[in-house]
Amino acid sequence: MASAIIHTVRRQLLYRAKISRDLTRLVPASIASRDHSLQSLRFLHQSQSLPNKATFRPDREDVSLLEAKHDPDTFGTLSPVVPEPEVPDEGDLQEEKFLQNKPARSQKLSTKEYADLIKGHLKNQRIREAIDVLEVRMREDRVKPVNYLFNLLIGGCARVGYSKKAFQLYNKMKQHGLKVTGGTYTSLFNACANSPFLGDGLDKANRLREIMIEKGYEPNESNFNAMIKAYGRCGDLKTTFQLVDEMMAKQLRIQTDTFNFLLQACITDTEFGFRHALLVWHKMYRLKAQPDIYSFNLLIRCVRDCGLGDLEATEQVIEQILFQSQPNPSRLEDPSQQSALLEDGSKETSKELQLSNLNQEVQQEGTPNLLSSRPHLGSLISLGEIKKPEDRLLLLGGSNSILAEMERLKIHPDIKTMTELLDTVPPTLAAEKQILSTIRRLGIRCDIDFFNILIKKRSMRFDYEAAREVLTMIRTARLEPDIVTYGVLALGCRTQEEARALLKEMRDADIRINIQILGAMLRQGTATKNFRYVTEVLEIVKQERFRPNEAFLKHLDNFNKKCEKMNQAYNKQPRKAGRDEFKLEYNRYKLKLESWMDYMGLKGLGLDDAVGAVREHPWEQFKQPQAEGFEATKNPKLRHEKKKRHSIRKIKVEELKEDGEVDGGSDRRGELRRIE
């Protein structure tokens, strides 16, 4: 009997302990309220009789959460206790980690050591890793950055055109309360100049200039040069020239570098750039700023890429240049008649410059020369016929006059100068031979880029045999073809056999094909309407898992449109010769093209949508770390090694073919007319 009573009491105590434990979870941790609840429950259970053995279930929870919530003896809270989540808050974990994992003193580096890390990454184009030094490494080391490190990163982002990140770092720099220096503004304007998005770069440059004005910052020469570079490359020539006027108003020195940035601005204007370049060039002479090798290279680039624009405005510019170049313009009697006026002969004839009112020193026989500090037009010239680069080169006196002016200024031309001239002279073997003779005479060492331009120039005029002969010159000059060489050679692959031979030659040279070379082959295949050639190129792209670029898709789209027109024409003329053969090849091509587009993920997309799908964002490369094994990363010396340059004295220039035409500086019919 006693043992039964003891057993019953034990079970009752265990039951009460379980109820107390459940209520402890529900009720707030208030000692007074918990004691009161336990006393109430203890009194309640004591007043009840002992449960029967058959009905008593010690494991059953008689008190539910709902009952405990509405229990009148449970108070001290307005809501039930919510159990803590099993997954802790991420912010709490980061805070706990920050407080517990304090870096050792030996882990922290000096400012110079952090700067050396950033410089090493920037030197090898590891932009993501360089930014991580500031945003990750220094945060983990709990080191406050200085403005010098911010300026390093802003300058590195500016050089590669990562303008978005450059301005983000600038904003962080201001949030840290660091001083913004003149070098910071210079780097930010350089970021705008190198941005791949001209509109965005121009907007950022305008906002930055407004900030400088609001803060009352007075720009220095470097700031002005960076602003001129930014606005010029973004196509705002008006603001560019206004900045030069502002420099002159503030009596700042305008040196050759400033004029070089102005010439870069002229290059962006393909319609009127050559006219602006003439004004800038002679303004440089009047301010006694001597041109350097970069000035001549940029001027030749203007000759190649830019036009004269409006004839009337161009004629006025030439008049102004001729008048201001006189030793003492005040000697002329009537200022209103000092300039060379333009008269209309008839609607059918182009306007011609009349030089009868100018000094006799301006009137000279022979080739015109607007390059010299004492320019002249030589024989009478018709500006309406000046449309090609070689015509504009003729206005400067031809390549011989440019080289003579460089010799007068004691400037030795380099291979870049000769490469630019090669791309500007008339597309004839005689002009190319004269360039090669000049290189040999001046002892200039050639690189592979010069010969690549020579191959391209000959391929573009469909002289493919002469283009292949350049390979012999490359070997004679002890140079090796690079991937660009094979790219320009691909322009001459008119048939499948020639394309296969070039691909085999590349494999033998251990040079991997790229989408640009295949695009050049596709261009030839579409030009000759060779369906099998085009299909084979598409199959190579699929096998090599290349992503087609914008030029590749445009060639393919134009070819498809032409084929569709031909198909409709054949449908209207069922008996036309060649209809069955075309239909067979075209239908087979359409099936393979549809399969190829489906494989590339471009099925059903128009040209614009397809281009948008394959186009890579230019800043995406800076958001990801470089892959392991990247050659420039593993071998920095290879990256910064200059291209090989060798003499061409072994090339027998005298034995090269000629076609009877001489250099762009010689007289050419239809462009120069002698004054009788």
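Predicted model: local features only at pLDDT ≥ 70, side-chain atom pairs only at ≥ 80, totals over all residues.
Residues are numbered from 1 along each chain as its sequence is written, and side-chain values use heavy atoms, with hydrogens and water left out.

**Overall make-up**

- The protein chain has 32 helices and four strands, taken as DSSP runs numbered from the N terminus (helices H or I, at least four residues; strands E, at least two).
- Of the 676 residues in the protein chain, 44% are buried, meaning under 20% relative accessible area with a 1.4 Å probe and protein chains only.
- Among contacts (heavy atoms within 4.5 Å) between residues at least 6 apart in sequence, 71% join residues at least 24 apart.

- The 13 residues of α13 should span 18 Å at 1.5 Å a residue, and its end C-alpha atoms are 19 Å apart, which agrees; the expected span is 1.5 Å times one less than the number of residues.
- Eleven of the 13 residues of α13 are buried, including Phe259, Leu262, Leu263 and Cys266, and the buried residues pack against α11 (221–233), α12 (237–249), α14 and α15 (293–305).
- The axes of α13 (residues 256–268) and α14 (residues 273–286) come within 9 Å and cross at roughly 170°, where axes are lines fitted to C-alpha atoms over the stretch in contact and angles run from 0 to 180 degrees between N-to-C directions.
- The two helices α13 and α14 are therefore roughly antiparallel, a term for angles over 145 degrees.
- On the α13 side the contact is made by Phe259, Leu262, Leu263 and Cys266, and on the α14 side by Gly273, His276, Ala277, Val280, Trp281, Lys283 and Met284.

**Helix α26**

- Buried residues of α26 include Phe531, Tyr533, Val534 and Val537, and what covers the buried residues includes α24 (496–508), α25 (515–527), α27 (550–572) and α28 (579–599).
- At the start of α26, a side-chain oxygen of Asn530 reaches to within 3.3 Å of the backbone nitrogen of Arg532, whereas after α26 comes Arg545, whose phi is positive, near 60°.

Conventions: Parallel < 35°, antiparallel > 145°, perpendicular 65-115°, else oblique. Buried < 20%, exposed > 50% of the residue type's maximum accessible area, 1.4 Å probe, protein only. Polar contact = N/O pair within 3.5 Å; in protein donor to acceptor, adjacent residues only side chain to side chain.
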